[in-house]
Amino acid sequence: MINKTVENARQALQGVQDGMTLMLGGFGLCGIPENSIQELLRLGVKNLTCISNNAGVDDFGIGLLLQQHQVKKMISSYVGENAEFERQLLSGELEVDLIPQGTLAERIRAGGAGIPAFFTPAGFGTEVGEGKETREFDGKMYLMESWLRADFSFVKAWKGDTAGNLIYKGTARNFNPMMATAGKITVAEVEELVPAGELDPNMIHTPGIFVQRIFEGKNYEKRIEQRTVRTA
Amino acid sequence: MGLDKHGIAKRIAKEVKNGMYVNLGIGIPTLVANYLPEGIEVVLQSENGLLGMGPFPTEEQVDADMINAGKQTITTLPGSAIFNSAESFAMIRGEHVDLTILGAMEVSEKGDIANWKIPGKMVKGMGGAMDLVASAKNIIVAMQHTARDGSSKLLKECTLPITGVDCVKKIVTDLAVLEVVDGGFKLLERAPGVSVEDIKAATAGNLIIEGDVPEIQV
């Protein structure tokens with residue numbers, strides 16, 4: 001079996017350069033590639049276009065890249081938890097493309113699946129639809145949306161094997177599986193890396209063909225945005 | 001006078017029927033889960049990738065990998081399923097979700113909804129709202145009838161950037177239950193202590209009143 005293992009984030013991110021388009025998995029702070037983000041901070045690469053459902057919070061996740069002004073453009077669906085983001089956006093320092101969440105997920109899926117465009121009803125008649133081709137199917141109007149692809153995709157999984165197969169846990173799955181398919185180079189960081197053969201092939205969420213580099217991440221903080229509990 | 005947010009949630013809960021798959025938005029819609037009628041089976045869909053959303057966890061059950069679309073920690077239930085975001089929106093766009101309940105800043109008498117952007121002020125993004133309103137078979141809006149300055153949020157035309165066109169079916173506010181029909185907002189019920197005149201005064205869009213308007217029972 002082809003071995004996709006690299007030692008650490010530093011090796012995994014070799015080749016990341018200024019001006020690249022990156023995908024980063026996660027929903028809120030759930031399922032984000034924490035180790036890869038730390039390495040992006042260390043590298044200090046700039047003028048990045050980041051495709052991610054959210055932009056982290058002020059002091060965690062992609063918010064850290066925004067603080068260092070490494071991001072030129074964000075492509076996201078919801079950025080409401082990040083005050084620094086809103087400040088950079090309203091002051092014109094940052095470009096943003098806000099995309100309906102389902103459209104974002106499908107554009108990434110399409111990118112990985114080799115489908116350059118598709119039609120969706122989301123955003124028809126709104127400013128999201130301005131300038132886009134529209135078409136009627138069975139009496140309903142749809143917008144044409146195009147694929148998204150990235151120079152590097154950074155995904156986070158629960159378990160992975162040396163062949164690059166991935167299993168996610170809970171709602172940390174979110175955008176990670178589609179992003180894994182849409183990167184020219186996909187870097188997977190996992191909580192537990194095992195030899196090929198130890199994961200049940202029936203249980204694999206992302207097959208290893210989509211993953212070019214895999215490593216076991218360190219020191220996961222897994223910060224919770226809204227800790228809501230009930231009394232037992 | 002009128003319903004508080006729990007009252008609005010209680011009234012909306014009566015619209016939820018046995019066997020429905022339901023997506024609840026953030027805010028008042030989330031409260032609807034607390035008031036679902038006894039004895040019915042309803043599956044809550046969370047757009048970040050969970051069907052069968054359970055209650056908040058106990059302190060011991062808290063898992064950073066288990067959150068809802070509002071980023072709150074949650075639990076699963078027997079029969080829950082977890083999936084990726086593309087599959088989640090296949091459920092939504094593909095009209096497999098029976099009912100969508102969400103908040104709004106404005107609704108027009110044609111059923112247009114605005115709830116994602118205030119130009120120059122609030123730029124948070126639409127999240128899943130545009131996908132939901134474009135495809136939901138049934139959309140109920142939970143909102144205050146008027147803004148803080150007293151201006152109506154039920155309008156002839158939305159003034160804010162819209163989220164979707166011609167999609168809202170029913171609206172439950174602190175003052176009334178209304179249905180979007182050809183020609184305007186049809187008044188179905190009024191909140192306890194609220195008169196038809198009060199509702200007329202608080203509604204900028206065309207209000208259609210037919211016969212006696214019963215009081216909301218919650």
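## An open sheet in chain A

In this predicted model, chain A has an open sheet built from three strands in the order β5-β7-β6, with antiparallel pairing. Strands here are DSSP runs of E with at least two residues, helices are runs of H or I with at least four, and both are numbered from the N terminus. Two strands count as paired if DSSP finds at least two bridges between them. Which strands stand at the edges? They are β5 (117-120) and β6 (134-137) of chain A; each has a single partner strand, so one side of each has no neighbour in the sheet. From one strand to the next, the twist averages 40°.

Let's zoom in on one pair. β6(A) and β7(A), the latter covering residues 140-146, are joined in the antiparallel sense by four bridges. A:Arg135 has A:Tyr142 in β7(A) as its bridge partner. Helix α5(A) packs on this sheet, touching β5 and β7 of chain A, and its direction makes about 155° with that of β5(A). Axes are lines fitted to C-alpha atoms (for helices, over the stretch in contact), and angles between N-to-C directions run from 0 to 180 degrees. Touching, or contact, means heavy atoms within 4.5 Å.

Helix α5 of chain A spans residues 101-113, so to speak a run of 13 residues, and reaches 18 Å from its first C-alpha to its last, close to the 18 Å expected at 1.5 Å a residue. That expected span is 1.5 Å times one less than the number of residues. How many of its 13 residues are buried? Ten are, which leaves α5(A) mostly covered. Buried means under 20% relative accessible area, exposed means over 50%, and partly exposed is in between (1.4 Å probe, protein chains only). Among the buried ones are A:Leu104, A:Ile108 and A:Ala110, and also A:Glu106 and A:Arg107. After α5(A) comes A:Gly114, with a positive phi near 75°.

Helix α2(A), residues 34-43, is mostly covered too, with seven of its ten residues buried. Including A:Ile37, A:Leu40 and A:Leu41, the buried set also holds A:Glu34 and A:Glu39. These buried residues pack against several elements of chain A, among them α1 (9-12), α3 (62-67) and β8 (150-161). A:Gly44 follows α2(A), and its phi is positive, near 70°.

## Parallel strands in chain B

Over in chain B, β1(B) (residues 21-24) is joined to β2(B) (residues 43-46) by three bridges, and the two run parallel. B:Tyr21 stands opposite B:Val43 in β2(B). β1(B) also has three bridges to β5(B) (residues 99-103), again parallel, with B:Asn23 opposite B:Thr100.

β5(B) pairs with β10(B) in the parallel sense over four bridges, and B:Leu102 has B:Val141 as its bridge partner. β10(B) pairs with β12(B), also parallel, over three bridges; here B:Ala142 stands opposite B:Val172. Which way do the residues of β10(B) (residues 139-142) point? B:Ile139 and B:Val141 point one way, B:Ile140 and B:Ala142 the other, and all are buried.

## Nonpolar cores

A nonpolar core is a set of buried Ala, Val, Leu, Ile, Met, Phe, Trp, Tyr and Cys residues joined through side-chain atoms within 4.5 Å. The largest one has 51 residues, and B:Val22, B:Ile101, B:Val141 and B:Ile171 have the most contacts inside it. Apart from it lies another core, of 40 residues, among them A:Val6, A:Leu13, A:Ile37 and A:Phe60. In soluble globular proteins, nonpolar side chains tend to be buried together.

## Two buried loop residues

B:Thr173 sits in the loop between β12 (170-172) and β13 (176-181) of chain B. Buried or exposed? B:Thr173 counts as buried because its relative accessibility is 0%. Its contacts beyond four places in sequence include B:Leu3, B:Met143 and B:His145.

B:His145 lies in the loop between β10 and β11 (154-155) of chain B and is buried as well, with a relative accessible area of 0%. Beyond four places in sequence, B:His145 touches residues including B:Ser152, B:Thr173 and B:Ile199.

## For the complex, the predictor gives an ipTM of 0.96 and a pTM of 0.96.

Residues are numbered from 1 along each chain as its sequence is written, while chains are lettered from A and ligands numbered from 1 in the order in which they are written. Local features need pLDDT of at least 70 and side-chain atom pairs count only at pLDDT 80 or more, whereas totals for chains, interfaces and linings use all residues, and side-chain values use heavy atoms, with hydrogens and water left out.
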